[in-house]
Amino acid sequence: MTAVLEVRGLAYAYPDGRQALFGANLSIQRGERVALLGPNGAGKTTLALHLNGILTPGAGSVTVSGLPVTKANLAEIRRRVGLVFQDPDDQLFLPTVAQDVAFGPANLGLRGAELEQRVQEALLAVGLPELGDRAPHHLSFGQRRRVALATVLAMRPEILVLDEPTSNLDPASRRELAEVLESLDVTVLMVTHDLPYALQLCPRSVILSDGVIVADGPTGELLANPALLAAHRLELPYGFSVA
Amino acid sequence: MGAGSAYLEAGLSPAGRSHSSPIQAAPAQVKLVALIGFVCAVVATPSMTMWPFVVQLLVLAVVAGLARLNPGRLLRGLAIEVPFVAFAFAMPFLATGERITVAGLSVSVAGLWGAGTLLAKSTLGVLAALILAATTQRAEFVAGMQRLRLPSVLVEILSFMVRYLDVIAEQWHRMAIARASRGFRARNPTSWSALSGAVGTGFIRAFERGERVHLAMLARGYSGALPEAIGAARAGRPVEWGWAALLVATSLAVTSLSWGLA
């Protein structure tokens, strides 16, 4: 069976010469929820930006359901890979929520009733069907994060890539987002250093450290290995125990 | 009527909301055209006569009444006109020509008329713009300009401004609080270097945000132009254009009549 996401020997250096990835390998099957763990500066966001062709690898390759990420395939790749950015204010740029959710599917060529239905479906999936007319800056931060998720769900992606989905969320918004993510029938790669959240939502985790994948296994097992965590600057919150 | 209008009629656009009066409900492009027509008529009115301005003020009062606007708030909005007022007050003293004495001060007759006309014209223009602003959502302006076929780059820039003005203002405010929390007070030119540093940082942050927004747009398939279905206003109904035309025609008629009498 073809993996939804296949990353092979991915290496990348920024134009200023700083190298962020040194040959990362990752394979994700349909329906999996995987956490990509790593300390700040490990290259997590850089890896995420390769998955839909925003960055072009210096070496190695990325394929999405068998389709290589190349210039020629970019439009289809961006439909298949839904990237939710860390700051919803970066993602939500149109005057109303409904317009913003419609932006992705409209870029795919949808119009009229079909487009409207996509918008409603995506807003419903994140539990905010009544917010279509609101301006993004009038929403709470938690609502904006969920609307940002809806803008990507409206494109019906094959894999959802979430960059630090819990950053700046209060505990209630965090739980609401978890409920939404658990209710979705979609493959998820969650980039985070929020280890309890990874444990709650993702049966499998990989650890990215210094630009390579250094561990790959069941989240519970990885988090129960204090030596492994310490070696890669990962720490469980005070008082938190995996057992 | 393209496919986009079905999307809009389903209530997904700002224009689809329920409105408290026909003026609020009219699409922004109709109101913009009416405003421009009205202001042109006001500007073209000859000086040395005051009655046309009174009639034009009545026209605005009717519009404001129909829109159920709070007169107090409109008048407070006129504060933006203060620089013009200051200039208008200087005119009778600075202008040359025949002079008369008013309350012991020698003033120019032409200057008095000039000041009066300037005040009347700017007040009417500002009032009309305030009425437009009070009856139109920011997002509707953008949609209306798109409908008027303004260049799409211009409309997109305005739409980004509408969206990010608050974000950037809030960021600037947070930076100001952080400066003040460390004892900074901008009181004399020695604080300018700190302020200029803050302006520079603010600019770089806005620039970087622009880059991140662009990346996020690319990630959703942006290819250089906003899809037409996004955010276009509904077309103005004939009756709405009719009312706008009546408003402009009335003020133009007043202007031509005053030229005829002058």
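**Exercise 1. Confidence along chain A**

Identify which elements of chain A have the lowest and the highest mean pLDDT in this predicted model.

*Solution.* Step 3: for the chain as a whole, the average pLDDT of chain A is 93, and 100% of its residues score at least 70.

**Exercise 2. The nonpolar cores**

Determine which residues touch the most other members of the largest nonpolar core, and list the contacts of Met190(A).

*Solution.* Step 1: the largest nonpolar core holds 82 residues, and those touching the most other members are Leu36(A), Val161(A), Leu189(A) and Met190(A). Step 2: leaving aside residues up to four places away in sequence, Met190(A) touches Ala35(A), Leu36(A), Leu162(A), Pro165(A), Ala198(A), Leu201(A) and Cys202(A). Step 3: another core, of 32 residues, lies apart from the largest one and includes Ala128(B), Phe141(B), Val155(B) and Ala244(B).

**Exercise 3. The contact of chains A and B**

Describe the side of chain B that touches chain A by residue count, elements and residue class.

*Solution.* Step 1: chain B contributes 33 residues to the contact and chain A contributes 35 residues. Step 2: on the side of chain B, the elements giving two or more residues are helices H1 (3-12), H8 (138-147), H9 (152-181) and H10 (192-219) of chain B. Step 3: H10(B) gives the most, with eight residues. Step 4: this side of chain B comprises 21 nonpolar, five polar and seven charged residues.

**Exercise 4. A helix pair in chain B**

Classify the relative orientation of H3(B) and H11(B), and characterise their contact.

*Solution.* Step 1: the axes of helix H3 (residues 28-43) and helix H11 (residues 238-261) of chain B come within 8 Å and cross at roughly 5 degrees. Step 2: angles under 35 degrees count as roughly parallel, and H3(B) and H11(B) are therefore roughly parallel to each other. Step 3: residues of H3(B), among them Val30(B), Ala34(B) and Phe38(B), meet residues of H11(B), including Trp241(B), Ala244(B) and Leu252(B). Step 4: by class, this contact has 11 nonpolar, three polar and one charged residues.

**Exercise 5. The setting of Ala95(B)**

Decide whether Ala95(B) is buried, partly exposed or exposed, and locate this residue in chain B.

*Solution.* Step 1: Ala95(B) is found in the loop between helix H6 (82-94) and strand S1 (99-102) of chain B. Step 2: with 18 other C-beta atoms within 10 Å, Ala95(B) is partly exposed, since burial requires 20 or more. Step 3: apart from residues up to four places away in sequence, Ala95(B) touches Ser108(B), Ala110(B), Gly111(B) and Gly114(B).

Terms used. Residues are numbered from 1 along each chain as its sequence is written. Chains are lettered from A and ligands numbered from 1 in the order in which they are written. This is a predicted model: local features need pLDDT of at least 70, side-chain atom pairs count only at pLDDT 80 or more; totals for chains, interfaces and linings use all residues. pLDDT is the predictor's confidence in each residue, from 0 to 100. Helices (H or I, at least four residues) and strands (E, at least two) are DSSP runs, numbered from the N terminus. A nonpolar core is a set of buried Ala, Val, Leu, Ile, Met, Phe, Trp, Tyr and Cys residues joined through C-beta atoms within 7 Å. A residue is buried if 20 or more other C-beta atoms lie within 10 Å of its own, exposed if 12 or fewer, and partly exposed in between; C-beta atoms are placed from the backbone. Two residues are in contact if their C-beta atoms, placed from the backbone, lie within 7 Å. Ala, Val, Leu, Ile, Met, Phe, Trp, Tyr, Cys and Pro count as nonpolar, Asp, Glu, Lys and Arg as charged, and the others, Gly among them, as polar. Axes are lines fitted to C-alpha atoms, for helices over the stretch in contact, and angles run from 0 to 180 degrees between N-to-C directions. Angles under 35 degrees count as roughly parallel, over 145 as roughly antiparallel, 65 to 115 as roughly perpendicular and the rest as oblique.
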